[in-house]
Every structure is written in structure tokens, then in C-alpha cells.
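Please keep the sequence and the 3D view at hand while reading.

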Amino acid sequence: MPPYPEWFADRESVVGALAASWDPGSPDHVGALRMVTTSANGRPAAAGYRRPTAEVSVRYRPATT
């Protein structure tokens, strides 16, 4: 996660900046996004997964320990 020079003042600014990447018809579309709850160091956390548009559909499976 490199630092990016953007600065967003509010939720609307963030949504506006990301709107093209969420639009399946846009050339900037990033693919399907999924957030999964988990824990890290004993604290609540979230894991983010991205599946590119061209990738073959694969079922998401939780990691096993």
C-alpha cells in the first residue's frame, strides 16, 4: 500500500473518486470486490479481495489454519 498524494475531505469525495473503478462499463473497472471480517493480533479486522473482470469465476473459500 504505497502512499498516494490524494486528499479527500468527506465521503462524497471518496465515492466520487472511486466511482469509475466500480462501474463495470468503465475501462477503469477493477473487478469484483469482497470484504471479509477476520481478526489480527486479537483485534477485529477486515480482509479485502479483488477479482479482476477477466478472471474465471472461482468460489471464495476461507483460509484454514
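The sections below treat the model, its fold, the strand pairing, the turn and the surface.

## Basis and confidence

The structure is a predicted model, in which local features need pLDDT of at least 70 and side-chain atom pairs count only at pLDDT 80 or more, while totals for chains, interfaces and linings use all residues. Residues are numbered from 1 along each chain as its sequence is written, and side-chain values use heavy atoms, with hydrogens and water left out.

The pLDDT is the predictor's confidence in each residue, on a scale from 0 to 100. The protein chain has an average pLDDT of 78, and 74% of its residues score at least 70. Confidence is highest in strand β1 (residues 32–40), at a mean of 89, and lowest in helix α1 (residues 11–22), at 83. Where pLDDT is low, the predicted coordinates should not be read in detail.

## Overall fold

The protein chain contains one helix and two strands, arranged along the sequence in the pattern α-β-β. Helices (H or I, at least four residues) and strands (E, at least two) are DSSP runs, numbered from the N terminus.

Of the 65 residues in the protein chain, 6% count as buried; buried means under 20% relative accessible area, exposed over 50%, and partly exposed in between, with a 1.4 Å probe and protein chains only. Among contacts in the protein chain with a separation of 6 or more, 7% are accounted for by residues 24 or more positions apart. A contact means heavy atoms within 4.5 Å.

## The strand pair

Strands β1 and β2 run antiparallel and are joined by nine bridges; two strands pair if DSSP finds at least two bridges between them. Within this pairing, V36 stands opposite A47 in β2, and L33 stands opposite R50 in β2.

R50 and L33 are 17 residues apart in sequence, yet their C-alpha atoms are 4.7 Å apart in space. Leaving aside residues up to four places away in sequence, R50 touches V30, A32 and L33. R50 counts as exposed, at 53% relative accessibility.

## The turn between the strands

Which residue takes a positive phi in the hairpin of β1 and β2? The residue is N41, with phi near 55°, in a hairpin that has two residues between the strands. N41 is found in the loop between β1 and β2 (43–51), and N41 is a residue other than glycine. Most residues other than glycine have a negative phi. N41 is exposed, with a relative accessible area of 82%.

## Surface and nonpolar patch

The accessible surface of the protein chain comes to about 6200 Å², and 58% of this surface belongs to carbon and sulfur atoms. Accessible areas come from the Shrake-Rupley method with a 1.4 Å probe; for residues, only the protein chains shown count as cover.

F8, V14, V15, L18, W22 and L33 make a nonpolar surface patch of about 510 Å². Patches are made of residues with over 30% relative accessible area and no salt bridge, with like charges joined within 9 Å and nonpolar side chains (Val, Leu, Ile, Met, Phe, Trp, Tyr) within 5 Å. A salt bridge is a side-chain nitrogen of Lys or Arg within 4 Å of a carboxyl oxygen of Asp or Glu. Helix α1 gives the most to the nonpolar patch, with four residues. W22 has its place in helix α1 and is partly exposed at 44% relative accessibility. L18 also has its place in helix α1 and is partly exposed, with a relative accessible area of 34%. L18 and H29 are 11 residues apart in sequence and 9.5 Å apart in space, C-alpha to C-alpha.
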